[in-house]
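Let's work through some exercises together. Have a look at the protein below, then try each task before you read its solution.

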Amino acid sequence: KAQKLSNRFEAQTYEWRHIEENDFAPFDVIISAVSNRKNLVYRRANDDKYRLWIDLAMPSNIDPNIEDRHNKVYNIDEVTAQVHSVSETQLKAIPIVEGILKEELAVFTEWLNKSNVRSFLSAYKAYAKQVLLKSIPETSQVTPANKKWEVYAEDVANKLVRSTARALA
């Protein structure tokens, strides 16, 4: 069963004898859910490595006495309580999220309804820029070496569009 899970999730297996010898030194997190093996884990490693132990078995696989300042043990009841707490918090947040979605939908709908105005303003800007560039004396026409007139025309067109947009709002 472990090998099938290992293949499915591209994980590595750990020899059972290491588990029975309580050799968990290479790990930071140990999750146990072995059937009918009360206190399968009864000893922690003699090092200062911090480890998280999660015991999902009934009866418990991990002896709660291995908990110390470096080892934190959670049993199935604690995990279940945490899941329920998170679920309750998420359920309470649903009306708030729905309200945010309604507000954002209203803003988007308003934006979408103004798309004709945006199209007009975009065309107006392009036209204003074109008229400004045509009004430049021929000796000052835009060349690759002289882009200042194009930049100037862009700035003026932007200001015209902004003032028009404010007037329309």
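**Exercise 1.** Is Lys49 buried, exposed or partly exposed?

*Solution.* Start with the cut-offs: buried means under 20% relative accessible area, exposed means over 50%, and partly exposed lies in between (1.4 Å probe, protein chains only). Lys49 has 28% relative accessibility, so it counts as partly exposed. Next, find its place: Lys49 sits in the loop between strand 1 and strand 2. Helices (H or I, at least four residues) and strands (E, at least two) are DSSP runs, numbered from the N terminus. Finally, look at its surroundings, where contact means heavy atoms within 4.5 Å. Neighbours within four places in sequence aside, Lys49 is in contact with Ala25, Pro26, Phe27, Asp28 and His70.

A word on the model: it is predicted, local features need pLDDT of at least 70, side-chain atom pairs count only at pLDDT 80 or more, and totals for chains, interfaces and linings use all residues. Residues are numbered from 1 along each chain as its sequence is written, and side-chain values use heavy atoms, with hydrogens and water left out.

**Exercise 2.** Which side chains of strand 1 (residues 29–32) are buried?

*Solution.* Now apply the idea to strand 1: Ile30 and Ser32 point to one face and are buried. Then find the partner: strand 1 pairs with strand 2 (residues 51–55) in the parallel sense, over four bridges. Two strands pair if DSSP finds at least two bridges between them. Ile31 has Ile54 of strand 2 as its bridge partner.

**Exercise 3.** Why is the protein chain described as more spread out than a compact globule?

*Solution.* First, list the elements: the protein chain has five helices and three strands, in the order α-α-β-β-β-α-α-α. Its radius of gyration is 34 Å, well over the 15 Å from the globule rule for 169 residues, so the chain is more spread out than a compact globule. The radius is taken over C-alpha atoms, and the rule is 2.2 Å times the number of residues to the power 0.38. Then check the box: the C-alpha atoms fill roughly 90 × 45 × 35 Å along the principal axes.

**Exercise 4.** Which residue does a cis peptide bond join to Met58?

*Solution.* The partner is Pro59, and omega is about -5°. To place Pro59, look in the loop between strand 2 and strand 3 (71–75).
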